[in-house]
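Good morning, and thank you for coming. I would like to take you through one protein structure, step by step.

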Amino acid sequence: MARWTEAAVCALSDKAWTAKDNWQELLAECYDFALSDRNPYTWNGTGKPQGSAGTQGKDKASRKVYDSTLGTDAVRLTNRIQYELFPIGSKWAEFIPGAFVGQGQDGDARAGLIESARTDLEALREIVFTAIQLSNFDLAISEWLLELVVAGTACMLIQQGDDDNPIVYSAVTQAHVAFREGAFGKIDLISRRHKIRFSLIKETWKDATLPEVEEADRSKDPECDLIDVCYWSSLDKLWYYDVIFLSGSKKARKEQRIVSRESEVCPWVIARWSKATGEAQGRSLVMQALPDARVLSAVKSYLLRHAALAIGGVFMVRNDGIVNANNVRIFPGANIPVRATGGPAGASIAPLQVGGDVNLAQLVIQDLVQSIHKIMMNDGMPDIKDGVRTATELLERLKELQQSMGAPFSRILREGITPMLENTIYLLGKMNVIPLQPGQRLKLNSGQVQVRFASPLVQGQSLREVEAAQQAMAITQAVAGPEGGTAAVAASFKIEDFGAWVAGKLSVDPKLVRTSQERKTLQDQAGKVMAAQAGGVGIDGTAPGVPAQQQQPLSMAA
(Lines give C-alpha, C1' and ligand atoms only; values in the text may rest on other atoms or scores of the structure.)
Protein backbone atom coordinates (compact mmCIF):
# COMPACT_ATOMS: atom_id res chain seq x y z
CA MET A 1 0.00 0.00 0.00
CA ALA A 2 1.45 3.34 -1.04
CA ARG A 3 1.14 6.48 1.05
CA TRP A 4 -2.19 8.22 0.56
CA THR A 5 -2.42 11.53 -1.26
CA GLU A 6 -3.19 14.72 0.63
CA ALA A 7 -6.77 14.73 -0.69
CA ALA A 8 -7.36 11.11 0.39
CA VAL A 9 -5.92 11.77 3.85
CA CYS A 10 -8.18 14.79 4.33
CA ALA A 11 -11.24 12.93 3.01
CA LEU A 12 -10.81 10.07 5.48
CA SER A 13 -10.14 12.56 8.24
CA ASP A 14 -13.41 14.35 7.44
CA LYS A 15 -15.32 11.05 7.69
CA ALA A 16 -13.89 10.39 11.13
CA TRP A 17 -14.86 13.87 12.26
CA THR A 18 -18.41 13.48 10.90
CA ALA A 19 -18.86 10.41 13.12
CA LYS A 20 -17.31 12.28 16.07
CA ASP A 21 -19.77 15.18 15.76
CA ASN A 22 -22.56 12.99 17.17
CA TRP A 23 -20.78 13.04 20.54
CA GLN A 24 -20.04 16.74 20.72
CA GLU A 25 -23.10 17.83 22.75
CA LEU A 26 -22.68 15.09 25.37
CA LEU A 27 -18.94 15.62 25.73
CA ALA A 28 -19.34 19.39 25.94
CA GLU A 29 -21.76 18.93 28.84
CA CYS A 30 -19.25 16.65 30.58
CA TYR A 31 -16.67 19.42 30.43
CA ASP A 32 -19.21 22.01 31.64
CA PHE A 33 -19.95 20.09 34.85
CA ALA A 34 -16.57 18.44 35.54
CA LEU A 35 -14.12 21.06 34.17
CA SER A 36 -15.95 24.36 34.26
CA ASP A 37 -14.64 27.23 32.13
CA ARG A 38 -12.47 24.84 30.16
CA ASN A 39 -14.55 23.54 27.28
CA PRO A 40 -12.30 22.58 24.34
CA TYR A 41 -15.35 22.31 22.09
CA THR A 42 -15.82 26.08 22.17
CA TRP A 43 -12.18 27.10 22.63
CA ASN A 44 -9.36 26.64 20.15
CA GLY A 45 -6.56 26.61 22.69
CA THR A 46 -5.47 30.23 22.22
CA GLY A 47 -7.70 31.80 24.88
CA LYS A 48 -10.44 32.80 22.43
CA PRO A 49 -13.63 30.98 21.48
CA GLN A 50 -13.67 29.47 18.02
CA GLY A 51 -14.54 32.01 15.36
CA SER A 52 -12.79 35.20 14.39
CA ALA A 53 -15.37 37.37 16.20
CA GLY A 54 -14.84 35.65 19.56
CA THR A 55 -13.68 37.67 22.53
CA GLN A 56 -11.13 36.32 24.94
CA GLY A 57 -12.64 35.16 28.25
CA LYS A 58 -16.28 35.52 27.18
CA ASP A 59 -17.43 31.89 27.29
CA LYS A 60 -17.83 30.96 30.97
CA ALA A 61 -19.59 27.66 31.60
CA SER A 62 -19.44 27.95 35.40
CA ARG A 63 -22.20 30.60 35.34
CA LYS A 64 -24.77 27.88 34.71
CA VAL A 65 -23.28 25.29 37.07
CA TYR A 66 -24.17 25.75 40.76
CA ASP A 67 -22.40 22.75 42.31
CA SER A 68 -18.77 21.59 42.30
CA THR A 69 -19.27 18.01 43.54
CA LEU A 70 -18.74 16.34 40.16
CA GLY A 71 -15.70 18.46 39.27
CA THR A 72 -14.09 17.86 42.67
CA ASP A 73 -14.67 14.11 42.44
CA ALA A 74 -13.23 13.99 38.92
CA VAL A 75 -9.98 15.67 39.98
CA ARG A 76 -9.78 13.56 43.12
CA LEU A 77 -10.25 10.32 41.17
CA THR A 78 -7.58 11.42 38.69
CA ASN A 79 -5.09 12.06 41.48
CA ARG A 80 -5.99 8.75 43.10
CA ILE A 81 -5.46 6.76 39.90
CA GLN A 82 -2.11 8.45 39.30
CA TYR A 83 -1.00 7.64 42.84
CA GLU A 84 -2.22 4.04 42.63
CA LEU A 85 -0.89 3.26 39.13
CA PHE A 86 1.93 5.75 38.40
CA PRO A 87 3.57 6.87 41.67
CA ILE A 88 5.85 9.79 40.91
CA GLY A 89 9.55 8.88 40.92
CA SER A 90 8.97 5.13 41.22
CA LYS A 91 9.42 2.25 38.79
CA TRP A 92 5.76 1.31 38.59
CA ALA A 93 6.22 -1.58 36.14
CA GLU A 94 8.70 -4.38 35.51
CA PHE A 95 9.48 -6.63 32.58
CA ILE A 96 9.58 -10.37 33.18
CA PRO A 97 10.16 -13.33 30.85
CA GLY A 98 6.97 -14.60 29.25
CA ALA A 99 5.59 -18.11 29.04
CA PHE A 100 7.15 -18.73 25.60
CA VAL A 101 10.74 -18.14 26.73
CA GLY A 102 12.79 -21.35 26.46
CA GLN A 103 9.97 -23.45 25.05
CA GLY A 104 11.31 -26.76 23.72
CA GLN A 105 14.33 -26.75 26.07
CA ASP A 106 14.83 -29.17 28.94
CA GLY A 107 14.30 -28.06 32.52
CA ASP A 108 17.80 -26.84 33.41
CA ALA A 109 18.39 -25.17 30.02
CA ARG A 110 15.02 -23.39 30.16
CA ALA A 111 15.65 -22.24 33.72
CA GLY A 112 18.99 -20.82 32.65
CA LEU A 113 17.42 -18.94 29.74
CA ILE A 114 14.74 -17.51 32.00
CA GLU A 115 17.30 -16.33 34.56
CA SER A 116 19.42 -14.72 31.83
CA ALA A 117 16.34 -13.04 30.31
CA ARG A 118 15.28 -11.78 33.73
CA THR A 119 18.67 -10.09 34.22
CA ASP A 120 18.55 -8.47 30.76
CA LEU A 121 14.98 -7.25 31.30
CA GLU A 122 15.90 -5.74 34.65
CA ALA A 123 18.63 -3.74 32.89
CA LEU A 124 16.07 -2.69 30.26
CA ARG A 125 13.72 -1.57 33.02
CA GLU A 126 16.43 0.66 34.51
CA ILE A 127 17.01 2.38 31.16
CA VAL A 128 13.31 2.84 30.34
CA PHE A 129 12.36 4.35 33.68
CA THR A 130 15.41 6.57 33.73
CA ALA A 131 14.25 8.01 30.40
CA ILE A 132 10.70 8.38 31.75
CA GLN A 133 11.89 10.24 34.84
CA LEU A 134 14.00 12.57 32.68
CA SER A 135 10.97 13.39 30.53
CA ASN A 136 7.69 15.17 31.21
CA PHE A 137 5.80 11.91 31.76
CA ASP A 138 4.57 12.71 35.29
CA LEU A 139 3.03 15.98 34.06
CA ALA A 140 1.52 14.57 30.89
CA ILE A 141 0.03 11.47 32.55
CA SER A 142 -1.95 13.66 34.96
CA GLU A 143 -3.57 15.54 32.07
CA TRP A 144 -4.10 12.25 30.22
CA LEU A 145 -5.88 10.64 33.17
CA LEU A 146 -8.09 13.71 33.69
CA GLU A 147 -9.28 13.45 30.09
CA LEU A 148 -9.90 9.74 30.63
CA VAL A 149 -12.06 10.34 33.71
CA VAL A 150 -14.02 13.30 32.30
CA ALA A 151 -14.48 12.39 28.62
CA GLY A 152 -13.86 8.64 28.66
CA THR A 153 -11.15 8.90 25.96
CA ALA A 154 -7.54 9.96 26.54
CA CYS A 155 -5.03 10.77 23.77
CA MET A 156 -1.27 11.11 24.01
CA LEU A 157 1.30 11.74 21.28
CA ILE A 158 4.78 10.32 21.99
CA GLN A 159 7.70 11.70 19.98
CA GLN A 160 11.46 11.74 20.10
CA GLY A 161 12.91 14.76 21.86
CA ASP A 162 16.41 16.11 22.41
CA ASP A 163 19.31 15.28 24.73
CA ASP A 164 17.67 16.99 27.71
CA ASN A 165 14.24 15.43 27.08
CA PRO A 166 14.81 12.18 25.18
CA ILE A 167 11.10 11.35 25.02
CA VAL A 168 8.32 13.94 24.77
CA TYR A 169 4.86 12.95 26.01
CA SER A 170 2.12 15.32 24.79
CA ALA A 171 -1.36 14.90 26.24
CA VAL A 172 -3.95 16.06 23.68
CA THR A 173 -7.59 16.74 24.46
CA GLN A 174 -9.90 14.26 22.77
CA ALA A 175 -11.98 17.22 21.55
CA HIS A 176 -9.27 17.84 18.94
CA VAL A 177 -8.92 14.16 17.97
CA ALA A 178 -11.16 11.85 15.93
CA PHE A 179 -10.44 8.22 15.14
CA ARG A 180 -11.98 5.14 13.60
CA GLU A 181 -11.79 1.42 14.35
CA GLY A 182 -10.58 -1.18 11.89
CA ALA A 183 -10.39 -4.96 12.04
CA PHE A 184 -10.88 -6.65 15.42
CA GLY A 185 -11.82 -3.35 17.04
CA LYS A 186 -8.32 -1.85 16.77
CA ILE A 187 -7.92 1.84 16.02
CA ASP A 188 -6.36 2.22 12.57
CA LEU A 189 -6.75 5.97 11.88
CA ILE A 190 -6.25 8.98 14.15
CA SER A 191 -6.91 12.54 13.01
CA ARG A 192 -6.08 15.70 14.95
CA ARG A 193 -7.29 19.18 14.04
CA HIS A 194 -5.51 22.06 15.69
CA LYS A 195 -3.93 25.46 15.21
CA ILE A 196 -0.27 26.32 15.70
CA ARG A 197 1.78 29.43 15.20
CA PHE A 198 3.89 29.44 12.06
CA SER A 199 7.10 29.94 14.05
CA LEU A 200 6.46 26.74 16.04
CA ILE A 201 6.14 24.38 13.06
CA LYS A 202 9.87 23.77 12.68
CA GLU A 203 10.32 23.55 16.43
CA THR A 204 7.56 20.96 16.76
CA TRP A 205 8.58 18.86 13.74
CA LYS A 206 12.26 19.18 12.95
CA ASP A 207 11.79 17.33 9.66
CA ALA A 208 8.91 19.59 8.54
CA THR A 209 8.87 21.43 5.22
CA LEU A 210 7.66 24.96 5.86
CA PRO A 211 4.41 25.69 3.99
CA GLU A 212 4.09 28.29 1.31
CA VAL A 213 3.11 31.47 3.13
CA GLU A 214 3.48 35.04 1.96
CA GLU A 215 6.49 36.84 3.37
CA ALA A 216 4.27 39.60 4.73
CA ASP A 217 2.18 37.04 6.61
CA ARG A 218 5.23 35.26 8.02
CA SER A 219 6.32 38.41 9.84
CA LYS A 220 2.97 38.44 11.67
CA ASP A 221 3.51 34.82 12.86
CA PRO A 222 -0.01 33.74 11.91
CA GLU A 223 -1.87 30.71 13.29
CA CYS A 224 -1.93 27.86 10.80
CA ASP A 225 -4.66 25.24 10.42
CA LEU A 226 -3.16 21.75 10.51
CA ILE A 227 -4.39 18.17 10.39
CA ASP A 228 -2.23 15.37 11.84
CA VAL A 229 -3.32 12.02 10.42
CA CYS A 230 -1.81 8.70 11.45
CA TYR A 231 -3.08 5.57 9.67
CA TRP A 232 -2.18 1.87 9.61
CA SER A 233 -1.23 -0.09 6.50
CA SER A 234 -1.92 -3.79 7.00
CA LEU A 235 0.02 -4.64 3.83
CA ASP A 236 3.17 -2.74 4.70
CA LYS A 237 2.83 -3.37 8.46
CA LEU A 238 3.64 0.29 8.99
CA TRP A 239 2.06 3.38 10.52
CA TYR A 240 2.12 6.45 8.28
CA TYR A 241 2.13 9.83 10.00
CA ASP A 242 1.32 12.95 7.93
CA VAL A 243 0.87 16.59 8.85
CA ILE A 244 -1.27 18.50 6.35
CA PHE A 245 -1.22 22.28 6.12
CA LEU A 246 -4.61 23.71 5.17
CA SER A 247 -5.13 27.01 3.39
CA GLY A 248 -7.83 28.74 1.40
CA SER A 249 -11.58 28.69 1.99
CA LYS A 250 -13.75 25.65 2.78
CA LYS A 251 -14.98 25.44 -0.80
CA ALA A 252 -11.51 25.89 -2.29
CA ARG A 253 -9.38 24.21 0.34
CA LYS A 254 -5.73 23.57 -0.45
CA GLU A 255 -3.77 20.76 1.22
CA GLN A 256 0.00 20.63 1.53
CA ARG A 257 1.87 17.79 3.27
CA ILE A 258 4.64 19.28 5.42
CA VAL A 259 5.59 16.19 7.53
CA SER A 260 5.86 12.62 6.29
CA ARG A 261 6.96 9.79 8.60
CA GLU A 262 6.83 6.00 8.85
CA SER A 263 6.99 3.90 11.99
CA GLU A 264 6.52 0.31 13.15
CA VAL A 265 4.82 1.65 16.29
CA CYS A 266 1.90 4.08 16.36
CA PRO A 267 3.02 7.38 17.94
CA TRP A 268 -0.51 7.91 19.29
CA VAL A 269 -1.80 6.25 22.44
CA ILE A 270 -5.61 6.21 22.56
CA ALA A 271 -7.21 4.66 25.65
CA ARG A 272 -10.86 4.49 26.66
CA TRP A 273 -12.29 4.08 30.16
CA SER A 274 -15.10 1.88 28.86
CA LYS A 275 -17.04 1.56 25.65
CA ALA A 276 -20.21 0.06 24.26
CA THR A 277 -20.30 -2.42 21.40
CA GLY A 278 -20.29 -0.75 18.01
CA GLU A 279 -18.96 2.58 19.33
CA ALA A 280 -15.46 3.89 18.82
CA GLN A 281 -15.71 6.72 21.33
CA GLY A 282 -15.13 5.91 24.99
CA ARG A 283 -17.57 6.44 27.84
CA SER A 284 -16.62 7.94 31.21
CA LEU A 285 -17.78 7.93 34.80
CA VAL A 286 -18.74 11.59 34.42
CA MET A 287 -21.27 10.56 31.77
CA GLN A 288 -22.86 8.18 34.28
CA ALA A 289 -23.02 10.91 36.91
CA LEU A 290 -24.41 13.60 34.58
CA PRO A 291 -28.14 12.98 35.41
CA ASP A 292 -27.44 13.47 39.13
CA ALA A 293 -25.21 16.47 38.42
CA ARG A 294 -27.93 18.16 36.35
CA VAL A 295 -30.57 17.71 39.07
CA LEU A 296 -28.16 18.72 41.82
CA SER A 297 -27.23 21.92 40.01
CA ALA A 298 -30.93 22.74 39.39
CA VAL A 299 -31.88 22.11 43.05
CA LYS A 300 -29.04 24.31 44.28
CA SER A 301 -30.10 26.99 41.82
CA TYR A 302 -33.64 27.01 43.25
CA LEU A 303 -32.26 26.90 46.79
CA LEU A 304 -30.08 29.94 46.11
CA ARG A 305 -33.08 31.80 44.74
CA HIS A 306 -35.06 30.91 47.86
CA ALA A 307 -32.19 32.13 50.04
CA ALA A 308 -32.01 35.38 48.06
CA LEU A 309 -35.76 35.92 48.60
CA ALA A 310 -35.42 35.15 52.31
CA ILE A 311 -32.51 37.56 52.68
CA GLY A 312 -33.66 40.39 50.45
CA GLY A 313 -37.41 39.91 50.72
CA VAL A 314 -40.20 40.83 48.32
CA PHE A 315 -42.65 43.62 49.06
CA MET A 316 -46.13 44.32 47.82
CA VAL A 317 -46.88 48.00 47.19
CA ARG A 318 -50.48 49.22 47.04
CA ASN A 319 -51.24 51.22 43.91
CA ASP A 320 -53.37 53.80 45.79
CA GLY A 321 -52.12 56.95 44.12
CA ILE A 322 -50.08 57.88 47.18
CA VAL A 323 -47.14 55.48 46.87
CA ASN A 324 -45.49 55.49 43.46
CA ALA A 325 -44.26 51.92 42.97
CA ASN A 326 -41.87 53.05 40.22
CA ASN A 327 -39.98 55.33 42.62
CA VAL A 328 -39.83 53.11 45.70
CA ARG A 329 -36.32 51.97 46.58
CA ILE A 330 -35.97 49.40 49.37
CA PHE A 331 -32.57 49.23 51.09
CA PRO A 332 -31.28 49.30 54.69
CA GLY A 333 -32.11 52.64 56.34
CA ALA A 334 -34.48 53.72 53.57
CA ASN A 335 -37.32 56.19 54.31
CA ILE A 336 -40.46 55.59 52.28
CA PRO A 337 -43.18 58.29 52.67
CA VAL A 338 -46.66 56.74 52.86
CA ARG A 339 -50.05 58.03 54.10
CA ALA A 340 -50.77 55.04 56.34
CA THR A 341 -49.30 51.66 57.22
CA GLY A 342 -52.58 49.97 58.14
CA GLY A 343 -56.26 50.54 58.43
CA PRO A 344 -59.31 48.90 56.88
CA ALA A 345 -57.67 48.86 53.44
CA GLY A 346 -54.45 47.29 54.76
CA ALA A 347 -50.87 48.47 54.74
CA SER A 348 -49.51 50.41 51.82
CA ILE A 349 -46.31 48.31 51.84
CA ALA A 350 -46.17 44.75 53.23
CA PRO A 351 -43.65 41.91 52.87
CA LEU A 352 -44.62 38.96 50.75
CA GLN A 353 -44.40 35.66 52.63
CA VAL A 354 -42.12 33.25 50.78
CA GLY A 355 -42.80 29.53 51.19
CA GLY A 356 -40.56 26.51 50.60
CA ASP A 357 -39.15 23.61 52.61
CA VAL A 358 -35.41 24.07 52.98
CA ASN A 359 -35.01 20.80 54.89
CA LEU A 360 -36.50 18.80 52.00
CA ALA A 361 -34.09 20.46 49.60
CA GLN A 362 -31.16 19.53 51.86
CA LEU A 363 -32.25 15.87 51.88
CA VAL A 364 -32.44 15.84 48.09
CA ILE A 365 -28.99 17.46 47.82
CA GLN A 366 -27.49 14.94 50.26
CA ASP A 367 -28.85 11.98 48.29
CA LEU A 368 -27.57 13.38 45.00
CA VAL A 369 -24.12 14.12 46.42
CA GLN A 370 -23.84 10.58 47.80
CA SER A 371 -24.89 9.15 44.44
CA ILE A 372 -22.21 11.18 42.62
CA HIS A 373 -19.58 10.12 45.17
CA LYS A 374 -20.46 6.46 44.64
CA ILE A 375 -20.29 6.71 40.84
CA MET A 376 -16.98 8.57 40.96
CA MET A 377 -15.49 6.04 43.43
CA ASN A 378 -15.13 8.71 46.10
CA ASP A 379 -15.95 6.34 48.96
CA GLY A 380 -12.60 6.13 50.68
CA MET A 381 -11.94 7.31 54.22
CA PRO A 382 -15.17 8.47 55.94
CA ASP A 383 -15.47 11.71 57.88
CA ILE A 384 -14.23 11.67 61.47
CA LYS A 385 -17.63 12.89 62.67
CA ASP A 386 -19.18 9.63 61.45
CA GLY A 387 -17.23 7.63 64.04
CA VAL A 388 -14.04 5.59 64.09
CA ARG A 389 -13.96 2.79 61.51
CA THR A 390 -12.30 -0.59 61.97
CA ALA A 391 -9.32 -1.77 59.96
CA THR A 392 -11.49 -4.46 58.39
CA GLU A 393 -13.88 -1.87 56.98
CA LEU A 394 -11.03 0.18 55.50
CA LEU A 395 -9.57 -2.95 53.88
CA GLU A 396 -12.97 -3.79 52.43
CA ARG A 397 -13.23 -0.27 51.01
CA LEU A 398 -9.83 -0.72 49.31
CA LYS A 399 -10.93 -4.11 47.98
CA GLU A 400 -14.11 -2.56 46.60
CA LEU A 401 -12.03 0.11 44.81
CA GLN A 402 -9.84 -2.61 43.28
CA GLN A 403 -12.91 -4.53 42.12
CA SER A 404 -14.52 -1.39 40.65
CA MET A 405 -11.35 -0.50 38.76
CA GLY A 406 -10.73 -4.05 37.54
CA ALA A 407 -12.38 -3.80 34.12
CA PRO A 408 -11.29 -0.19 33.37
CA PHE A 409 -7.74 -1.01 34.50
CA SER A 410 -7.47 -3.95 32.11
CA ARG A 411 -8.54 -1.70 29.23
CA ILE A 412 -6.16 1.09 30.32
CA LEU A 413 -3.38 -1.49 30.52
CA ARG A 414 -3.99 -2.88 27.03
CA GLU A 415 -4.81 0.37 25.19
CA GLY A 416 -2.75 2.87 27.16
CA ILE A 417 0.09 1.77 29.40
CA THR A 418 1.49 -1.06 27.28
CA PRO A 419 1.61 1.07 24.08
CA MET A 420 3.29 3.88 26.07
CA LEU A 421 6.06 1.52 27.17
CA GLU A 422 6.40 0.06 23.66
CA ASN A 423 6.71 3.56 22.20
CA THR A 424 9.33 4.49 24.77
CA ILE A 425 11.40 1.36 24.06
CA TYR A 426 11.06 1.89 20.29
CA LEU A 427 12.26 5.50 20.45
CA LEU A 428 15.14 4.62 22.79
CA GLY A 429 16.15 1.97 20.25
CA LYS A 430 16.15 4.57 17.46
CA MET A 431 18.38 6.75 19.63
CA ASN A 432 20.77 3.78 20.15
CA VAL A 433 20.21 3.90 23.89
CA ILE A 434 18.84 0.35 23.77
CA PRO A 435 20.63 -2.16 21.50
CA LEU A 436 17.87 -3.00 19.02
CA GLN A 437 18.48 -4.04 15.44
CA PRO A 438 17.07 -1.80 12.65
CA GLY A 439 13.41 -2.68 12.18
CA GLN A 440 13.37 -4.74 15.37
CA ARG A 441 10.46 -4.16 17.73
CA LEU A 442 10.08 -5.35 21.28
CA LYS A 443 6.40 -6.25 21.64
CA LEU A 444 5.15 -6.51 25.21
CA ASN A 445 2.64 -9.03 26.55
CA SER A 446 3.17 -11.25 23.51
CA GLY A 447 4.45 -14.32 25.34
CA GLN A 448 8.12 -13.33 25.26
CA VAL A 449 8.12 -10.26 27.53
CA GLN A 450 5.36 -9.63 30.05
CA VAL A 451 4.62 -6.36 31.85
CA ARG A 452 3.89 -6.63 35.56
CA PHE A 453 2.90 -3.60 37.59
CA ALA A 454 4.35 -2.79 40.98
CA SER A 455 1.92 0.01 41.82
CA PRO A 456 0.03 0.04 45.16
CA LEU A 457 -3.29 -0.90 43.51
CA VAL A 458 -1.83 -4.00 41.85
CA GLN A 459 0.23 -5.00 44.90
CA GLY A 460 -2.99 -5.74 46.76
CA GLN A 461 -3.69 -8.65 44.42
CA SER A 462 -0.14 -9.99 44.87
CA LEU A 463 -0.47 -9.77 48.65
CA ARG A 464 -3.70 -11.75 48.52
CA GLU A 465 -1.94 -14.48 46.50
CA VAL A 466 0.88 -14.66 49.06
CA GLU A 467 -1.66 -14.81 51.90
CA ALA A 468 -3.50 -17.63 50.10
CA ALA A 469 -0.26 -19.63 49.81
CA GLN A 470 0.49 -19.06 53.51
CA GLN A 471 -3.03 -20.12 54.43
CA ALA A 472 -2.75 -23.33 52.37
CA MET A 473 0.52 -24.24 54.12
CA ALA A 474 -0.94 -23.46 57.55
CA ILE A 475 -4.00 -25.64 56.89
CA THR A 476 -1.80 -28.51 55.65
CA GLN A 477 0.35 -28.29 58.78
CA ALA A 478 -2.69 -28.18 61.07
CA VAL A 479 -4.30 -31.23 59.45
CA ALA A 480 -1.07 -33.27 59.65
CA GLY A 481 -0.69 -32.53 63.35
CA PRO A 482 2.16 -31.20 65.47
CA GLU A 483 4.48 -34.17 64.80
CA GLY A 484 4.23 -34.55 61.02
CA GLY A 485 3.07 -31.04 60.08
CA THR A 486 6.45 -29.74 58.93
CA ALA A 487 7.13 -32.88 56.91
CA ALA A 488 3.67 -32.70 55.30
CA VAL A 489 4.24 -29.09 54.24
CA ALA A 490 7.67 -29.95 52.81
CA ALA A 491 6.20 -32.88 50.92
CA SER A 492 3.27 -30.88 49.49
CA PHE A 493 4.95 -27.56 48.62
CA LYS A 494 8.26 -26.53 47.07
CA ILE A 495 9.55 -24.74 50.14
CA GLU A 496 12.92 -24.16 48.49
CA ASP A 497 11.26 -22.04 45.77
CA PHE A 498 8.78 -20.24 48.01
CA GLY A 499 11.11 -17.33 48.85
CA ALA A 500 11.86 -16.58 45.21
CA TRP A 501 8.15 -16.80 44.36
CA VAL A 502 7.22 -14.32 47.13
CA ALA A 503 10.01 -11.96 46.00
CA GLY A 504 8.63 -12.03 42.46
CA LYS A 505 5.08 -11.34 43.64
CA LEU A 506 6.19 -8.37 45.76
CA SER A 507 8.51 -6.99 43.03
CA VAL A 508 11.74 -7.37 45.01
CA ASP A 509 14.88 -6.37 43.12
CA PRO A 510 16.15 -9.53 41.33
CA LYS A 511 19.69 -8.64 42.42
CA LEU A 512 18.70 -9.65 45.98
CA VAL A 513 17.16 -12.99 44.96
CA ARG A 514 19.28 -16.09 44.39
CA THR A 515 19.02 -17.81 41.03
CA SER A 516 17.77 -21.37 40.70
CA GLN A 517 21.35 -22.61 40.17
CA GLU A 518 22.55 -20.84 43.31
CA ARG A 519 19.68 -22.31 45.31
CA LYS A 520 20.49 -25.78 44.00
CA THR A 521 24.16 -25.40 44.98
CA LEU A 522 23.22 -24.35 48.51
CA GLN A 523 20.80 -27.26 48.81
CA ASP A 524 23.51 -29.71 47.75
CA GLN A 525 25.89 -28.29 50.31
CA ALA A 526 23.24 -28.49 53.03
CA GLY A 527 22.54 -32.10 52.06
CA LYS A 528 26.22 -33.01 52.37
CA VAL A 529 26.39 -31.39 55.81
CA MET A 530 23.35 -33.31 57.03
CA ALA A 531 24.64 -36.59 55.61
CA ALA A 532 28.06 -36.05 57.14
CA GLN A 533 26.56 -35.22 60.54
CA ALA A 534 24.37 -38.33 60.40
CA GLY A 535 27.37 -40.58 59.55
CA GLY A 536 29.68 -39.02 62.14
CA VAL A 537 32.13 -37.63 59.59
CA GLY A 538 32.87 -34.12 58.45
CA ILE A 539 32.24 -32.59 55.07
CA ASP A 540 35.84 -33.38 54.06
CA GLY A 541 35.33 -37.07 54.87
CA THR A 542 37.33 -37.14 58.18
CA ALA A 543 36.04 -38.39 61.50
CA PRO A 544 36.12 -35.87 64.35
CA GLY A 545 38.43 -36.69 67.28
CA VAL A 546 40.80 -39.00 65.26
CA PRO A 547 44.37 -37.90 64.41
CA ALA A 548 44.87 -36.92 60.79
CA GLN A 549 47.59 -39.54 60.21
CA GLN A 550 45.16 -42.30 61.18
CA GLN A 551 42.39 -41.04 58.92
CA GLN A 552 41.57 -42.86 55.70
CA PRO A 553 39.69 -41.44 52.76
CA LEU A 554 35.99 -41.83 53.15
CA SER A 555 35.73 -44.07 50.10
CA MET A 556 38.39 -46.52 51.45
CA ALA A 557 36.84 -46.64 54.91
CA ALA A 558 33.51 -47.48 53.33
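The expected span of a helix is 1.5 Å times one less than its number of residues. Helices (H or I, at least four residues) and strands (E, at least two) are DSSP runs, numbered from the N terminus. What we are viewing is a predicted model, in which local features need pLDDT of at least 70 and side-chain atom pairs count only at pLDDT 80 or more, while totals for chains, interfaces and linings use all residues. Residues are numbered from 1 along each chain as its sequence is written, and side-chain values use heavy atoms, with hydrogens and water left out.

Let us begin with helix H4. Helix H4 covers residues 107–134, which is 28 residues. From its first C-alpha to its last it reaches 41 Å, close to the 40 Å expected at 1.5 Å a residue. Some of its residues are buried, a term for under 20% relative accessible area; exposed is over 50%, and partly exposed is in between (1.4 Å probe, protein chains only). The buried residues of H4 include Ile114, Ala117, Leu121, Leu124 and Val128. An α-helix has 3.6 residues a turn, so residues three or four places apart point the same way.

I turn now to the strands. How many of the residues of E1 are buried? The count is 5 of its 5 residues. Ala93, Phe95 and Pro97 point one way from E1, and Glu94 and Ile96 point the other way. In a regular strand the side chains alternate between the two faces of the sheet. Strands E1 and E12 run antiparallel and are joined by 5 bridges; two strands pair if DSSP finds at least two bridges between them. For example, alanine 93 has phenylalanine 453 in E12 as its bridge partner.

The next topic is charge. Side chains of opposite charge can pair when their charged atoms come close. A salt bridge is a side-chain nitrogen of Lys or Arg within 4 Å of a carboxyl oxygen of Asp or Glu, and the structure holds 23 of them. One of these joins glutamate 94 to arginine 452, with the closest N and O atoms 2.9 Å apart. That pair links strand E1 (residues 93–97) with strand E12 (residues 449–453), and the two residues are 358 residues apart. Glutamate 94 is buried at a relative accessible area of 5%, whereas arginine 452 is partly exposed at 24%.

Arginine 193 and aspartate 14 also meet in a salt bridge, at 3.2 Å from N to O. Arginine 193 lies in strand E5 (residues 187–197) and aspartate 14 in helix H1 (residues 6–20), so the pair ties together parts that are 179 residues apart in sequence. Arginine 193 is partly exposed, at 35% relative accessibility, and aspartate 14 is partly exposed at 24%. Elsewhere, Arg3, Glu6, Asp242, Arg257 and Glu262 are linked in a network of salt bridges.

Finally, consider arginine 272 in strand E9 (residues 268–272). Is arginine 272 buried or exposed? Arginine 272 is buried, with a relative accessible area of 2%. Its side chain makes a polar contact with the side chain of glutamate 181 at 2.7 Å. A polar contact is a pair of N or O atoms within 3.5 Å; within protein, one must be able to donate a hydrogen and the other to accept it, and residues adjacent in sequence count only if both atoms are side-chain atoms. The backbone oxygen of alanine 280 lies 2.8 Å from a polar atom of the side chain of arginine 272.
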